[in-house]
Amino acid sequence: MTPGADTTPHAFEAETPRLAKKKFLHDAAEHVRDTGHRAFVRKALGGYYTSRDAQKARFRDWEQARDAASLAKWSAVNRLDELLPTFVANFEANGGRVHWARTADEARTIILELLRDAKAKAVIKSKCMTSEEIHLNAALEQDGYGVVESDLGEFIQQLRGEPPYHFVFPCMHVRREEISDLFGKHLGTPPTDSPEELTMIARRHMRRLYVDADVGITGANFLVAETGQISITENEGNARLTAALPRVHIAISGIEKVVEHLDDLAVLLPMLATAGAGQPMTCYNTLYAGPRRPGECDGPEEMHLVLLDNSRTAILADPEQRDSLHCIRCGACLNVCPIFKNVGGFTYGTTYQGPIGSVITPHLRGLADWNHLSGASSLCGACTDACPVRIDIHHHLLHNRRNAAATSPSRLERLGHRMFVMVASRPWLFAAGGAMFRKSLWLLKKLRPPLLRDWLATRDLPAAPARSFRSQWRARS
Amino acid sequence: MTAGGDTTARDTILARVREALRVPAPLPHMKSHAAVAAAPAGPDSLTILPVEVARPWLPDGGETAEERLAILTENLGKLRAEVQRAADLTAAAAQVAALVRERGWKRVAWHTHPAVEPVAATLGCDSYRLDSTSFDKDALEACDAGITACDAAIAQTGSILVSSASCGGRALSILPHVHIVIVTLDQIVATLGDALDAIRTKHAGRMPSMLSFITGPSRTGDIERILVLGAHGPKELFVILVG
């Protein structure tokens, strides 16, 4: 674990990191067997591909636009030393206050102090993955603050007592009947199978809460260095209400979200929407520059921004994987990932699921305990193809595997590789080994040695060909 | 935070950032190097990618005023916003008054603005004028609809740009169940970049405390990824194109 990194047990995270891999294998096996769940998730994502492709087609050159987006993020992340202080100076000049947090624990302490200072009674929150990362809600509740998630998906997950299943579509795994029952139980509403009516129940429930809350907590998608604005992307309008009505606005953001120019958003915002949800633009893209100004009708009296490191600087220090900090959390890599679709979001046991989560979690929470996520990949590269900012995701999974092998090599793997090298560099031995293998394959099937047992539990070995590839090749030519 | 601990946290994080960046990272994998080639030369050649370079790659916003209007109208329709044309503000006022009658609205909120005042004058129902002294969130919450001006309308994405400085603050365009926005034809721009230029010019360097690109009525797909309009913000967005 990186010094300073911090984790708090969470209902859906492994109690002790050592168990993370065991839990992953167990949950993955369980989910893969649950064909109903898999079919439901695939169906929910079905519309995404169609609308994403339709929106991509509106770009005159999607691939070059990806170049522009990746370059905007590359140049910002690689000049973070300069741009982060610039952003902070401009944000403060706009009347906002910045709080620096090295760890999740520091971030929670800062936010609790801000709530105490504000004499907060009711807190409303809009979707913020950084707050999931620091397990903010549990800390607020422990200190006696009532906190309500206002994003519909997050609200449903909060009532269910679960973290988000997917960091963009938090409750995509939940059926409408379950939501109807959940609302019936917690809000006393009559059952309905209409998504429209369920949405209106949440809408009616939430309206007074926005008006009555003292403090609104939001995330941030981009920090604009040039102007000192923070940019928040959302569809529902809940973040806008959260930043408009309460007296105090607290935003939480990782330090890597800086972009240099306001104009960068002219590229990044439509790409985020298209890649993430197949939209031309997310419904509300809002830039905040401090609290209410003199002459403005409304807005908070105070605006605070908590800037979180929590091991992001450890990723920054790895030039090979630094581009994983370009991530704009669109979720495209989850949507296309065969592993995500088969094992489901909870199996990861991480705040950030899917391919990008598998890349960054080992940095945030320790390679030794989280490298198994990098193994859970077919290396098909669908994630890399989908990434609007061209993060080299599937190669980073390989980099993690290599780094793990270098720092804590498995003796068995080393022995296996040594034997392979020995055999593969001696053609006669390779041919002899192949012949032996072809003849004894039936025996392997029958004996099911422990090393192959897991693999054979869900698969059949193919029938052995009568002749080797090399002899078949010779016969052809 | 006044505690000394915060300064330490800032210094530690910035020191870690500086240390981390001592080893340069390779350039991202790119399809072509047009983006790189287009950046100004010099040691910092990759630090600036003018949005103009990316413009021909992004969705089209139209070259002429007619094209921009056509693209905007088409995009707004796809977003399920209601588009109405009005020859002038008097006609717009009559259209909004007709809406008020049709829907049986009791109270409509609006703000002081040359494009909004004539519309608000003939609503035919109770109205609530927002300004820097009259804001009351309970009163606004009880309104059936809100009328605002805008800073720009963006053809490329079908977005309407509003700001806290010129569009009645933060809540007026998000809290009422229906948002009516008055757009004059000269406010239509091709792209998001053009809208940002317009806002920079208008506010001369000091940005309003809120700028929001509104792209259709509020929506969610959180339940089984099925689209529902009106999650928390307005269920309906009326865009009145005047001119």
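Predicted model: local features only at pLDDT ≥ 70, side-chain atom pairs only at ≥ 80, totals over all residues.
Residues are numbered from 1 along each chain as its sequence is written, chains are lettered from A and ligands numbered from 1 in the order in which they are written, and side-chain values use heavy atoms, with hydrogens and water left out.

Let's start with chain B. Its secondary structure comes to eight helices and twelve strands (DSSP runs, H or I of at least four residues for helices and E of at least two for strands, numbered from the N terminus). Of its 243 residues, 57% are buried, where buried means under 20% relative accessible area, exposed over 50%, and partly exposed in between (1.4 Å probe, protein chains only).

Now bring in chain A. Here 97 residues of chain B are in contact with 112 residues of chain A, contact meaning heavy atoms within 4.5 Å. The size of an interface is often given as the accessible area lost when the parts come together. For chain B and chain A, the buried area is about 9,200 Å², with carbon and sulfur atoms giving 59% of it (accessible area lost on putting the two parts together, 1.4 Å probe, summed over both).

What about the inside? The largest nonpolar core has 162 residues, and Phe183(A) and Ile230(A) have the most contacts inside it. Such a core is a set of buried Ala, Val, Leu, Ile, Met, Phe, Trp, Tyr and Cys residues joined through side-chain atoms within 4.5 Å. Helix H12 (residues 264-277) of chain A brings the largest share, nine residues. Beyond its neighbours within four places in sequence, Ile230(A) touches residues including Phe87(A), Phe91(A), Leu223(A) and Met303(A).

Charged pairs come next. The whole structure holds 39 salt bridges over all chains (a side-chain nitrogen of Lys or Arg within 4 Å of a carboxyl oxygen of Asp or Glu). Eight salt bridges cross the interface of chain B and chain A. Arg176(A) and Glu224(B) meet in a salt bridge at 3.0 Å, N to O. Within chain A, Asp105(A) and Arg108(A) form a salt bridge with their closest N and O atoms 3.4 Å apart. These two are separated by about one helical turn, because they lie three residues apart in helix H5 (residues 104-117) of chain A. Asp105(A) is partly exposed at 40%, whereas Arg108(A) is buried at 11% relative accessibility.
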